[in-house]
Amino acid sequence: MSNLFKAEHPFSNYWTHQGGLAEVIGVLPSREQADILVAKFFDAVDPVYPMIHRETFEDDYAHFWSMNTQERTTGNELVALIFVMLAMGTQFVDLPSPEEKEQTAEFYSTPRGLAFKSSR
């Protein structure tokens, strides 16, 4: 079994608590890339683990992308959810190697934790 979370904070030298949610949002992929990973989540994960009401999420997600960068920093929980979905979506895209897939999932899972911490 693969362990996606090899270190408690795999990017501890990159992510800082001072940057907060703005820093986390700053590493979001482009809307086009995010759309692909979110679609992979709904195609592959949601049928097995239907935890997200798709229509509600899609409305919130579209609204999130319509906001400017400053406005996006008001929704920690949605940002965390998006990063979880991106991390899970990476497991179902074609990447050159298993190592790259693992690194990409690890990258997206780290901001998720910081987004949750920023909401406290």
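## Helix α3

In this predicted model, helix α3 covers residues 54–66, which makes 13 residues. Its first and last C-alpha atoms lie 18 Å apart, close to the 18 Å expected at 1.5 Å a residue; the expected span is 1.5 Å times one less than the number of residues. Helices are DSSP runs of H or I with at least four residues, strands are runs of E with at least two, and both are numbered from the N terminus.

Phe57, Tyr61, Phe64 and Trp65 of α3 are buried, where buried means under 20% relative accessible area, exposed over 50%, and partly exposed in between (1.4 Å probe, protein chains only). These residues cover an arc of only 90 degrees around the axis, and therefore sit on the same side of α3; the arc is that of the directions from the helix axis to the C-beta atoms. An α-helix has 3.6 residues a turn, so residues three or four places apart point the same way. The face turned away from the buried side of α3 carries the exposed residues Asp59 and Ser66.

The cover over the buried residues of α3 includes α2 (31–45), α4 (69–72) and α5 (76–89).

## Val79 in helix α5

Val79 belongs to helix α5. Val79 is buried, with a relative accessible area of 1%. Its C-alpha atom is separated by 9.3 Å from that of Leu28, a residue 51 places away along the chain.

## The protein as a whole

The secondary structure consists of 6 helices and 0 strands, in the order α-α-α-α-α-α along the sequence. Of the 120 residues, 36% count as buried. Among contacts (heavy atoms within 4.5 Å) between residues at least 6 apart in sequence, 73% join residues at least 24 apart.

The protein exposes about 7,400 Å², of which carbon and sulfur atoms supply 53%. Accessible areas come from the Shrake-Rupley method with a 1.4 Å probe, and for residues only the protein chains shown count as cover.

## Confidence and conventions

The average pLDDT (the predictor's confidence in each residue, from 0 to 100) is 75, and 62% of the residues score at least 70. Confidence is highest in α3, at a mean of 95, and lowest in helix α6 (residues 98–118), at 59. Over residues 1–15 pLDDT stays under 50, and the model has 24 contacts beyond four places in sequence for these residues.

Residues are numbered from 1 along each chain as its sequence is written, and side-chain values use heavy atoms, leaving out hydrogens and water. Local features need pLDDT of at least 70 and side-chain atom pairs count only at pLDDT 80 or more, whereas totals for chains, interfaces and linings use all residues.
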